[in-house]
Amino acid sequence: MENNNILEKKYNIWITILSIAIPLVVAILFKVKLKDFGFDIKPLSFLPPIYATINGITAIVLIWAVISIKNGKRKLHENLMKFAIALSVAFLAMYVAYHMTSESTKYGGQGVTRIVYFIILISHISLSIIVIPLVLVSYVRALSERFDKHKQITKYTFPIWLYVAVTGVIVYIMISPYYAN
């Protein structure tokens, strides 16, 4: 048990660094356009439907992982969770690449749909920041075999991560008619 606590403490600094650095770097890179640095790169306009699909797959994988652990399939659960993390990293890389090569798309809807869009978008972005340390802590607690603590935090991690994945798809569907052709 002591070695597990040491392992968890060892990773806490990395969890803190990544939980701060990822949102900051994404925010900074969101404003950086490669063309401003002389790179002649065409907009990666094919990426949004791909990373929206990745969000959808992530949601399915998360649900599958929960079902697998409830059915006692621990190794399957572990592999699915690693896959969900990999999907999230792939999403993030594509999202940043798209925004570094393309202008931001403005939502063109009006009235209630505009309000709904921005409520979903703001909650999606906010919770995507909050879920980073939750996922990392959940993963490290499982890695250090502190399954009681792992289970405690995943009560929060799972629904938030699932919400972020699902609302990522919804945001894409709502804004996709306004992408430049």
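Guide: Let's begin at Lys35, which forms a salt bridge with Glu103, their closest N and O atoms being 3.3 Å apart. A salt bridge here is a side-chain nitrogen of Lys or Arg within 4 Å of a carboxyl oxygen of Asp or Glu. This pair links distant parts of the chain, 68 residues apart: Lys35 sits in the loop between α1 and α2, and Glu103 in the loop between α3 and α4. Searching the whole structure gives 3 salt bridges.

A word on the source: this is a predicted model, in which local features need pLDDT of at least 70 and side-chain atom pairs count only at pLDDT 80 or more, while totals for chains, interfaces and linings use all residues. Residues are numbered from 1 along each chain as its sequence is written, and side-chain values use heavy atoms, with hydrogens and water left out.

On a 1 Å grid over the protein atoms alone, a cavity is a set of points where a 1.4 Å probe fits but cannot get out; a pocket is an open set with protein on both sides within 12 Å along at least five of seven lines, and lining residues have an atom within 4 Å of a point. Grid points are joined across faces, edges and corners, and a volume is the space filled by probe spheres set on the points.

Now step back to the chain, which has 5 helices and 0 strands; helices (H or I, at least four residues) and strands (E, at least two) are DSSP runs, numbered from the N terminus. The C-alpha trace spans about 55 × 35 × 25 Å along its principal axes.

The largest pocket holds about 1,300 Å³ of space. Its lining has 47 residues, and Phe91, Leu92, Tyr95, His124 and Ser128 lie nearest the centre. Helices α1 (2–31), α2 (47–70), α3 (74–101), α4 and α5 each supply at least two lining residues, with the largest share, 13 residues, from α4. That lining divides into 37 nonpolar, 9 polar and 1 charged residues.

The second largest pocket has about 800 Å³ of space. Of the 24 residues that line this pocket, Ile69, His77, Met81, His150 and Thr154 lie nearest its centre. Here the largest share, 9 residues, comes from α5, and the classes are 12 nonpolar, 5 polar and 7 charged.

Finally, look at how α4 (residues 111–143) meets α5 (residues 147–175): their axes come within 7 Å and cross at roughly 150°. Axes are lines fitted to C-alpha atoms, for helices over the stretch in contact, and angles run from 0 to 180 degrees between N-to-C directions. The two helices are therefore roughly antiparallel, a term for angles over 145 degrees. In their contact there are 20 nonpolar, 10 polar and 2 charged residues.

Conventions: Angles under 35 degrees count as roughly parallel, over 145 as roughly antiparallel, 65 to 115 as roughly perpendicular and the rest as oblique. Ala, Val, Leu, Ile, Met, Phe, Trp, Tyr, Cys and Pro count as nonpolar, Asp, Glu, Lys and Arg as charged, and the others, Gly among them, as polar.
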